[in-house]
Amino acid sequence: MAIKDYIRERFFPHMWCAGCGHGIVLNGLLRAIEQIGISKNDIVMVSGIGCSSRISGYVDFHTLHTLHGRALAFATGVKMSRPELKLIVPMGDGDALAIGGNHFIHAARRNIDMTAIVMNNRIYGMTGGQYSPLSGYGTSATTAPYSNIDHTFDVVNLSVAAGASFVARTTAYHVMQMISVLKQAILHKGFSVVEILTQCPTYFGRKNKLGGAVEMMEYFKNNTTSVGSKAKQENPELIERGVFVRKEIPEYCSEYEKIIQRATIG
Amino acid sequence: MSQNIRFIQGNEVCVEAALYAGLNFFAGYPITPSTEIAEHLSLRLPQIKGRFIQMEDEIASVCAIIGASLTGHKVMTATSGPGFSLMQEGLGYAIMAEIPCVIINVQRGGPSTGLPTSVSQGDVGQALWGTHGDHAVIAMTASNHQDIFAMTVHAFNMAETYRTPVILLFDEVTGHMRERLVIPEPGEFPLVERLRTSVKEGVDYHPYLPREDGRLPMSDFGGKHRYNVTGLAHDMWGFPSNNPSVVQGLLRHLVDKINNNSHNITRYNEYEMEDARTVLISYGSSARSALHVVKNRRARGERIGLLELQTLWPFPFGLVRQKCADAKYIVVVEMNMGQILQPVRMAVDNPERVYLANRIDGVFITPTDIKNILRIIQGRGM
Ligand SMILES: Cc1ncc(C[n+]2csc(CCOP(=O)(O)OP(=O)(O)O)c2C)c(N)n1
Ligand code: SF4
């Protein structure tokens with residue numbers, strides 16, 4: 001199938017700014033799905049609220065555009081009630097880790113089979129450039145006019161600590177890697193997290209004088225490296241990309257099937 | 001025929017009734033005085049291949065049941081005041097996206113953490129206006145085990161019929177008291193299944209285009225139609241829209257589908273109402289004491305009756321007005337500061353005849369409490 005066949009053309013043009021990284025994520029995600037060859041009827045995409053979360057409106061799956069921060073909670077209900085469906089949950093960094101932080105760690109802890117994609121642009125795009133928990137110390141935002149004193153989360157470390165059984169990071173620049181890790185994440189049985197560093201030229205770029213979309217993507221190219229690479233040893237400032245964790249541990253819905261078996265025998 | 005008789009708590013009645021109605025998925029977070037509902041369902045649901053999950057909080061619980069409803073299941077959550085407050089955004093989502101679900105609030109005293117183990121009916125107003133924006137909601141209650149069963153089944157039926165959340169407002173007394181329940185036979189109560197679309201695969205399905213009667217045929221997530229569900233104002237495709245006529249049409253539909261069907265939604269009981277000059281209006285556990293007063297005083301020849309409301313929202317204005325037409329005294333008996341008193345005053349011709357007999361101190365209102373207040377109202381002194 002062509003990528004076009006995964007899109008609801010009726011709902012275009014999309015609402016993203018020119019140069020926004022979210023569209024690149026959409027493209028990478030659809031290519032990953034197309035390469036795996038899952039039927040559109042078997043995919044449920046659940047998103048929250050934010051520029052990133054609008055991704056669900058544009059794709060021809062069963063799509064559930066929910067409340068700010070709550071996508072994983074809705075997704076948990078969908079998955080538990082129809083475990084055979086594939087759940088893909090794209091979220092903004094604020095959506096996933098500020099208002100939705102609690103749902104994020106608990107979904108990871110349960111190891112419920114779904115793919116959480118954190119579209120990390122380090123800012124609240126939808127509401128116009130306020131700092132997010134991922135903005136980081138020293139950044140600038142409309143609510144941090146004197147510079148941000150909030151420290152950031154490391155999404156990878158957080159996910160690992162919370163119990164996610166597949167954890168990866170990539171960027172909007174590294175599209176081929178994005179497709180590859182998304183494929184692995186979607187095929188993984190358990191809670192998978194893919195953090196994708198993506199650019200919001202309109203707010204994060206402008207507020208922090210990082211240039212336009214091209215300069216921001218160049219930043220991803222020049223300041224990241226493969227996980228475990230020598231470059232990282234030489235320059236610890238570099239952000240690692242790739243698959244950090246992949247483990248086979250009991251998945252939540254499969255475990256619940258065992259409970260049903262136990263309950264129906266007795 | 002041998003009857004299936006049980007001697008159980010109100011919260012267990014609710015569990016039995018939900019299972020009778022076809023409940024298949026429950027998500028919740030423990031909170032007194034509702035916790036027994038979650039405990040029993042964690043045991044019972046997997047026995048019928050249903051699913052139970054204890055979520056990380058009440059926000060997640062209401063979101064999870066909405067997700068599970070979309071895949072075609074009958075769903076429920078149960079909580080009490082603090083948790084019900086947390087559920088308000090999700091409740092509004094279910095109203096806006098028209099997702100059938102049942103939310104039980106076994107009321108405790110509030111506000112805030114309030115009185116976790118004491119009785120109150122303080123969340124009646126919140127059930128109606130707790131979530132933001134113009135909307136209509138269905139909320140019901142009951143005063144005894146047989147009715148808790150019937151109203152719980154009715155709640156599922158109304159949720160599925162009108163594709164809307166239905167709130168069951170029980171309270172600490174009805175939830176925890178034990179009395180006899182005759183479990184109805186299968187088939188004794190009709191069960192409503194949601195309308196499913198007959199649109200064939202490959203043909204355009206408009207998930208948010210209501211039929212003439214206001215009902216909205218649904219397609220299960222995972223089924224043959226793929227569509228968008230959102231809490232944003234949306235068009236017939238379920239796609240976000242801020243077109244004024246689309247928005248106006250949507251809001252009217254959401255409110256009209258409930259308010260115009262109040263006759264189908266409303267349930268009530270009446271006792272000794274034919275010639276009553278004093279009408280007690282009550283609901284939930286306080287109606288038990290009110291009924292006691294009516295029986296007691298009728299025996300002594302007083303023309304007194306009880307109108308027990310079971311559907312609180314949409315408020316049955318016409319019913320209350322008609323039943324109170326000949327009353328000299330209309331006394332609302334409730335355990336709050338007058339949350340049903342207000343709509344009763346709006347409903348009747350002579351609002352100055354409407355009085356309040358209440359308790360707000362976490363102590364169950366007794367027949368003696370009501371009698372004492374009646375004496376004052378009827379001008380007979382203490
Ligand atoms: C309960 C609630 N609080 C606040 C908002 C307002 N709001 C909408 S999107 C958003 C943040 C979006 O940022 P992020 O999740 O990082 O996604 P982005 O827009 O950057 O893609 C906020 C605060 C809301 N919709 N709901
Ligand atoms: S505001 Fe930022 S995140 Fe939102 S669409 Fe524009 S560039 Fe993208």
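Predicted model: local features only at pLDDT ≥ 70, side-chain atom pairs only at ≥ 80, totals over all residues.
Okay, let's start in chain B: Pro111(B) lies in the loop between β5 (101–107) and α6 (124–129). Helices here are DSSP runs of H or I with at least four residues, strands are runs of E with at least two, and both are numbered from the N terminus.

Residues are numbered from 1 along each chain as written, chains are lettered from A and ligands numbered from 1 in written order, and side-chain values use heavy atoms, without hydrogens or water.

Back to chain B, then. Another cis bond runs from Thr32(B) to Pro33(B), with omega near 5°. You'll find Pro33(B) in the loop between β2 (23–28) and α2 (35–44) of that chain.

While we're on backbone geometry, have a look at Glu272(B). Its phi is near 55°, which is positive in a residue other than glycine. Glu272(B) sits in the loop between β10 (268–271) and β11 (278–282). For the cut-offs, buried means under 20%, exposed means over 50%, and partly exposed is the range between, with a 1.4 Å probe and protein chains only.

Over in chain A, Ser147(A) is also not a glycine, and it has a positive phi of about 90°. With a relative accessible area of 35%, Ser147(A) is partly exposed.

Now to the ligands. Where is ligand 1? It lies between chains A and B. There are 18 residues around it, and those that come nearest are His22(A), Cys51(A), Ser52(A), Asp95(A) and Gly125(A). To be counted there, a residue needs a heavy atom within 4 Å of the ligand.

What do the oxygen atoms of ligand 1 meet? A polar side-chain atom of His22(A) is 2.9 Å from one of its oxygens. For Asp93(A), it's again a polar side-chain atom, lying 3.1 Å from an oxygen of the ligand. With Ile123(A), it's a polar backbone atom, 3.0 Å from a ligand oxygen. In chain A, α3 (93–97) and β5 (123–124) each supply at least two residues of this shell. Which element gives the most? That's α3(A), with three residues.

Ligand 2 has His22(A) around it too, along with residues including Trp16(A), Cys17(A), Cys20(A), Cys51(A) and Cys200(A). Helix α7 (201–207) of chain A brings the largest share of that shell, namely three residues.

Trp16(A) turns up again in the aromatics. Together with Phe11(A), Phe12(A), Tyr58(A) and Phe239(B), it forms one aromatic cluster. How many aromatic pairs are there over all chains? The total is 17. One of them is Phe315(B) with Phe317(B): the ring centres are 4.9 Å apart and the planes are at 70°, so this pair is edge-to-face. Rings of Phe, Tyr and Trp (its six-membered ring) pair with centres within 6.5 Å; planes under 30 degrees apart are stacked, over 60 edge-to-face, and the rest tilted. As for cover, Phe315(B) is buried at 6% relative accessibility, while Phe317(B) is partly exposed at 35%.

Last stop, helix α4 (101–110) of chain A. The helix is mostly covered, with seven of its ten residues buried; among them are His103(A), Phe104(A) and His106(A). Just past the end of α4(A), Asn111(A) takes a positive phi of about 55°. The side chain of Asn111(A) has a polar contact of 2.6 Å with that of Ser165(A). Such a contact is a pair of N or O atoms within 3.5 Å; within protein one must be able to donate a hydrogen and the other to accept it, and neighbours in sequence count only if both atoms are side-chain atoms. The Ser165(A) side chain has a further polar contact, at 2.7 Å, with the side chain of His188(A). Ser165(A) itself is in the loop between α5 and β7 (166–171) of chain A, and it's buried, at 0% relative accessible area.
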